[in-house]
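Subject: Structure handover

Hello,

Here is the structure we spoke about, with its sequence.

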Amino acid sequence: MFALKDFQNSTRQWLEENCPQSMRTPMVQEEIVWGGKSPTFANPESKLWLDRMADKGWTCPSWPTEYGGGGLLKEEIIILNQELARINARPAITSFGISMLGPVLLEYGSHEHKMEHIPKIVRGEIRWCQGYSEPGSGSDLASLGTKADLQGDNYLINGSKVWTSYADKADWIFCLVRTDTDVPKHSGISFILFDMSSEGISTKPIQLISGSSPFCETFFDDVKVPAGNLVGRLNEGWTIAKRLLQHERTMISSFGLASGQSDRGGTTSTVASIEGAAMHYRGDTDKLSDSVLRDKIAQFKIDSDAFAFTSRRSVEESKQGQGPNATSSMLKNYGCELNKRRYELLLEAVGSQALGWEGDGFSTDELQVTRDWLRSKANSIEGGTSEVQLNVIAKRVLGLPDILSLAKK
Amino acid sequence: MALVLNEDQQLLKDSAKSFCQQNAPVSQLRRLRDSDDAKGFDADTWQQMAALGWAGMAIPEEYGGYGFGYGGLGVVLEETGRSLISSPLIPTVLLGASTINELGSERQKLELLPKIVEGELLLAMAIDETTFHAPTKFNTTATKSGENFKLNGSKTFVLDGHIANKLIVVARTSGESDSAKGISLFLVDPASPGVEISRTHMVDSRNSSKITFTDVEVFADNLLGDEGNGFAGLTRVLDRACIGLAAEMLGGIQEVFDRTLEYLKQREQFGVLIGSFQGLQHRAASMYSEIELCKSAVIAALSALDDEHSTEKEISILASVAKAKLSEVYCLVSNEGIQMHGGIGMTDEFDIGFFIKRARVAQQFLGDVGFHRQRYASLNGF
């Protein structure tokens, strides 16, 4: 107890001295830090903040100090997060290396893999992308066909991936490849890492209905990858793939956490909260005049509150170092559906001003609502559709008979 | 604020679970209903519950209680909710003892709370007058006559009203209906002249009654709290009661879901288990998710009650979150429980019907979903 109190005091003091003032304001889209070999820092204090946090290993507080992580206990991480939240500190970095790859490398990677990649992930020096989905393999991910053939000391990789987030900006990729075609589909998959600057790789951004292009098509044409880059055992990549998906779901479920908060575009924005927007655009002062919308917003916020408690409870219930479990599917599904509800309600709250596409006549925040509403539709598709999550819950959590067992072969 | 049970609470929960399963399964409620039991609860079971300390769980030690907090009372309520036990736990302990503890004088606490802990004193709280819960909208008046008060009005949906040794009556000593000012609470002897109590039979087979008061004389020392300033205390009581009720509902919700899930793994149609059908799997998975949120809403609210740093406003918000969410989900899960059981779920012989009946009465009591959503909106400034 006393040790934790000390930890809290020293953490609070350290943050007070080391977290720059501009890093204590709500995050804006342009200032999100992704790291990488040639990182961009729209706000110079972002770099300072990242470097300071990385020096302490606090970008990855639970990871072993041996690889540059923070080496903190679960109780200490809870305190660190509370202290960060207390001063509204921005995340020092947003990184697929941290939220997805790192945890599985620590679990399944060799010592060499860890030594090579983990410290760079902690420091945000390499930006990673995820090579999972393929044009013909969406929800049925295990049917993937991108091939890796061993030729001497290298694998030759051929095929294509789709929905590769930020492939055009990433330095390295963690990728699922087929290494055996003569066995049931789950048994011939391997997990491999390679440099995106290798010869034979090309990427093409995909424009979404929101107008943004966070995803790419990625093509591999005889890409040469050292055999040692394969993680875990040959043809046993599906286990790692599924584990990584649990981490991905946990990451995506945090969209739902943010959805209950007034976190958009700073405190002065007219769309900072749904209820605030609903009252502002109706000219209401003390009570929202549309009683139907009022009920819907209350229902949404009650669900958001209960979801935030659930998310915290799942952290408290997990054992030290155990990471996410099957409930990650529940959190992913509920969090994404909540985020979609949030944007539907925001449209109702704002009315026609939330339906602008571009140009004058709309504020920047209003235009962003339109775009974010459209973007939110992907939340229940990316990282496994809501329907896939419900399948996982039914099978793994509730123990209901597997409807797909016959189709697996 | 802890969101997981501590070791003591977990032990208490385990022992409450086995007690309820062994001593008061759903068949007890069925027997009380079918025999039209005059008391409406099983006196032996209640004495055993009191002997286990359940009545004194949230009562401070200086008044004979066990100081286990609402977290302790909550896990007990949850387990009683699983087997739908009809007992004085809600009217006497959750509402009654909380009122005396929150509003009573030192003398009243010393006199009444130890008797509640022993299981000797039964209380009933008379609040609502219309068919909807509205803690400021009522017309029962208590007018000064000399040193004492004269009570006039009528109340409905009074749990255990026909068996209580003492009634707690919410009345107006001044002000108009819908005003938070002028509200006072009184302890009233149900045997007083002018008190007329008629038992009502609710769909959940639990006790309820309608009570009229005609020129009932109440001595001034039976006032609970300050005259005319009872609303803040009443709010604290109702918040605690909503949270405790939500804990009871959580038990019922989990029990219906567990029974339904079990049925999906047993029942065969078209040559396969019906639990293999995606049309049912996805609904079951959605219910599971909603139930996880319910668990969190309840434990967050219970911990807030036992946390000295919580503000009353925070507690009010958490109470409305819990009552609104649990009401919504209990209705969902009990409806689906019947649908997924098919024809057998519609029969009285099968227990699942008891849960849908309890779900509706519990959701109505102390404010339904709509009431608590509106209250949540007001508390959050919209």
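This is a predicted model: local features need pLDDT of at least 70, side-chain atom pairs count only at pLDDT 80 or more; totals for chains, interfaces and linings use all residues.

Chain B overall

Chain B contains 11 helices and 10 strands. A compact globule of 382 residues would have a radius of gyration near 21 Å, and chain B agrees with this because its own value is 21 Å. Along the principal axes, the C-alpha atoms of chain B fill a box of roughly 80 × 45 × 40 Å. Buried residues make up 54% of the 382 in chain B. Of the contacts in chain B with a separation of 6 or more, 75% are between residues 24 or more positions apart.

Domains of chain B

Three domains are assigned in chain B: domain 1 covers 7–121, domain 2 covers 126–224 and domain 3 covers 231–379. Between domain 1 of chain B and domain 2 of chain B, the C-alpha centres are 23 Å apart. Their contact involves 17 residues of domain 1 of chain B and 11 residues of domain 2 of chain B. On the domain 1 side, helix 2 (26–34) and helix 5 (89–103) of chain B each contribute at least two residues. Helix 5 of chain B has the largest share of that side, with 6 residues. By class, the domain 1 side consists of 8 nonpolar, 7 polar and 2 charged residues.

Strand pairing in chain B

Strand 7 (residues 207–218) of chain B has two antiparallel pairings to point out. One is with strand 3 (residues 148–155) of chain B, over 6 bridges; here K155(B) has I211(B) of strand 7 as its bridge partner. The other is with strand 6 (residues 195–201) of chain B, over 7 bridges, and in this pairing H201(B) is opposite N207(B) of strand 7. Strand 6 and strand 7 of chain B form a hairpin with 5 residues between the strands, where S205(B) has a positive phi near 65°.

Contact between the chains

The contact between the chains brings together 30 residues of chain B and 32 residues of chain A. Four helices of chain B each supply at least two residues to the side that touches chain A: helix 7 (231–264), helix 8 (278–305), helix 9 (312–341) and helix 11 (369–379). Helix 8 of chain B gives the most, 13 residues. The chain B side has 16 nonpolar, 10 polar and 4 charged residues.

Helix 11 of chain B

Which residues of helix 11 of chain B are buried? They are V369(B), F371(B), H372(B), R373(B), R375(B), Y376(B) and A377(B). These buried residues pack against helix 8 (291–317) of chain A, and also against helix 9 and helix 10 (352–364) of chain B. After helix 11 of chain B comes G381(B), with a positive phi near 80°.

Helix 2 of chain A

In helix 2 (residues 44–56) of chain A, the buried residues are S46(A), W49(A), L50(A), M53(A) and A54(A). They lie on the same side of helix 2 of chain A because the arc they cover around the axis is only 125°. An α-helix has 3.6 residues a turn, so residues three or four places apart point the same way. The buried residues of helix 2 of chain A pack against helix 5 (111–123) of chain A. G57(A) follows helix 2 of chain A and has a positive phi near 80°.

Regards

Key:
Residues are numbered from 1 along each chain as its sequence is written. Chains are lettered from A and ligands numbered from 1 in the order in which they are written. Domain bounds come from an automatic or database domain assignment. Two residues are in contact if their C-beta atoms, placed from the backbone, lie within 7 Å. Ala, Val, Leu, Ile, Met, Phe, Trp, Tyr, Cys and Pro count as nonpolar, Asp, Glu, Lys and Arg as charged, and the others, Gly among them, as polar. A residue is buried if 20 or more other C-beta atoms lie within 10 Å of its own, exposed if 12 or fewer, and partly exposed in between; C-beta atoms are placed from the backbone. The arc is that of the directions from the helix axis to the C-beta atoms. The radius of gyration is taken over C-alpha atoms; the globule rule is 2.2 Å times the number of residues to the power 0.38. Two strands pair if DSSP finds at least two bridges between them.
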